[in-house]
Amino acid sequence: MSKYLKTPQHIAFIMDGNGRWAQKRGLPRNAGHQRGIKALEKTVDACCKHGIKYATFYAFSTENWKREKQEIDGIFSLVRDYLKDNPDYFSSRGICVKHIGDISAFPDDLTTQLTSTEKSTAKNNKLILTLALNYGGRDEIVRTFNKLLGKGKKVETYKEISAQLDTCFLPDPDFVIRTSGENRLSNFMMLQLSYSELYFPKVLWPDFDENELKKALKIYSKRDRRFGGIK
Ligand code: IPE
Ligand code: IPE
Ligand code: MG
């Protein structure tokens, strides 16, 4: 359990800096993504250890299709293998795997693996591990608009919208951690982050680990959230 006074229930990670990590070492970008998956594994472990209930990881954005095919295929293989190689790991720790984003554009082997992992871990409830895959906040809004239009009913409250978002099974993130020192959200959960605390450490994602998470949790525990009210 966490020793921090205030622990976020839901942390959303923008895993950035894999390319620069590889570049610094004269390695291909995919070597950075490979280490990025290792950092993801370590972070999931650390989240379990520190009592985080929901951990969401931005793994592939709707804008990442602009990259070279080789890099994209490499990312897809890494995600597929991460899910395939860890069935016991997820279940032994009570991890439920979910996704947000439009996965219909993905290769069959990845969607099949993802669906199978989601199904086999569905009953676990210690940590909800959500992968944002082909996810973009704006794309999610467009898809949600169309769902609501299909219902032909006037929307009265934000709750009716949020119930149709990809994230309908998640509480809003309390804390967003974007690594690599970039101070932006890059189309990540634009509605859901309205009141989230933001943190932009310089560490590149492949170097993120339990120690970095602890630093982040310490920073979060000192934040004063007011949600528009007064203290
Ligand atoms: C984040 O690392 C991973 C993905 C976007 C898939 P990057 O690949 O964006 O790494 P940098 O930003 O080029 O260093
Ligand atoms: C955001 O990182 C997307 C993911 C981490 C999956 P990017 O590297 O794609 O974002 P920009 O291009 O720097 O804004
Ligand atoms: Mg980047």
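Is Arg-20 buried, partly exposed or exposed? Arg-20 is partly exposed, with 30% relative accessible area. Keep that residue in mind, since I'll start with its partner. One thing before that: what you see above is a predicted model.

Okay, salt bridges. In general, side chains of opposite charge can pair when their charged atoms come close. This structure holds 19 of those pairings. One of them joins Arg-20 to Glu-182, with the closest N and O atoms 3.0 Å apart. Now look at where the two partners sit: Arg-20 is in helix α1, residues 18–24, while Glu-182 is in the loop between β5 (175–178) and β6 (197–199), so this pair ties together parts that are 162 residues apart in sequence. Glu-182 is partly exposed too, at 21% relative accessibility.

Next, have a look at Lys-153 and Glu-160. Their side chains also meet in a salt bridge, 3.4 Å from N to O. Lys-153 counts as exposed, at 58% relative accessibility, whereas Glu-160 is partly exposed, at 24%. And back to our opening residue: salt bridges that share partners link Asp-16, Arg-20, Arg-178, Glu-182 and Arg-184 into one network.

Arg-143 and Asp-139 form a salt bridge, and their closest N and O atoms are 2.9 Å apart. Both are in helix α6, residues 137–151, and they are four residues apart, about one turn of the helix. Asp-139 is partly exposed, at 24% relative accessibility.

On the surface, Lys-24, Arg-25, Arg-35 and Lys-42 gather in a patch of positive charge. Arg-35 belongs to helix α2, which covers residues 29–49. Its relative accessible area is 42%, so we call Arg-35 partly exposed.

On to the cysteines. Cys-47 is buried, with a relative accessible area of 0%. Cys-48 counts as buried as well, at 12%.

Let's turn to the backbone. As a rule, most residues other than glycine have a negative phi. So which way does Asn-134 go, positive or negative? Asn-134 has a positive phi of about 45°, although it is not a glycine. You'll find Asn-134 in strand β4, residues 127–135, and it is buried, with 6% relative accessible area.

Ser-180 is another case, with a positive phi of about 80°, and it isn't a glycine either. Ser-180 sits in the loop between β5 and β6, the loop that also holds Glu-182. At 9% relative accessible area, Ser-180 is buried.

Conventions. Residues numbered from 1 in each chain as written. Chains lettered and ligands numbered in written order. Predicted model: local features only at pLDDT ≥ 70, side-chain atom pairs only at ≥ 80, totals over all residues. Heavy atoms only, no water. Patch = residues over 30% accessible without salt bridge, like charges linked within 9 Å, V, L, I, M, F, W, Y side chains within 5 Å. Areas by Shrake-Rupley, 256 points an atom, 1.4 Å probe, with all protein chains shown as cover. Salt bridge = Lys/Arg side-chain N within 4 Å of Asp/Glu carboxyl O. Lys, Arg positive; Asp, Glu negative; His and termini not counted. Charge placed at Lys NZ, Arg CZ, Asp CG, Glu CD. Helix = DSSP H or I, 4+ residues; strand = E, 2+ residues; numbered from the N terminus. Buried < 20%, exposed > 50% of the residue type's maximum accessible area, 1.4 Å probe, protein only.
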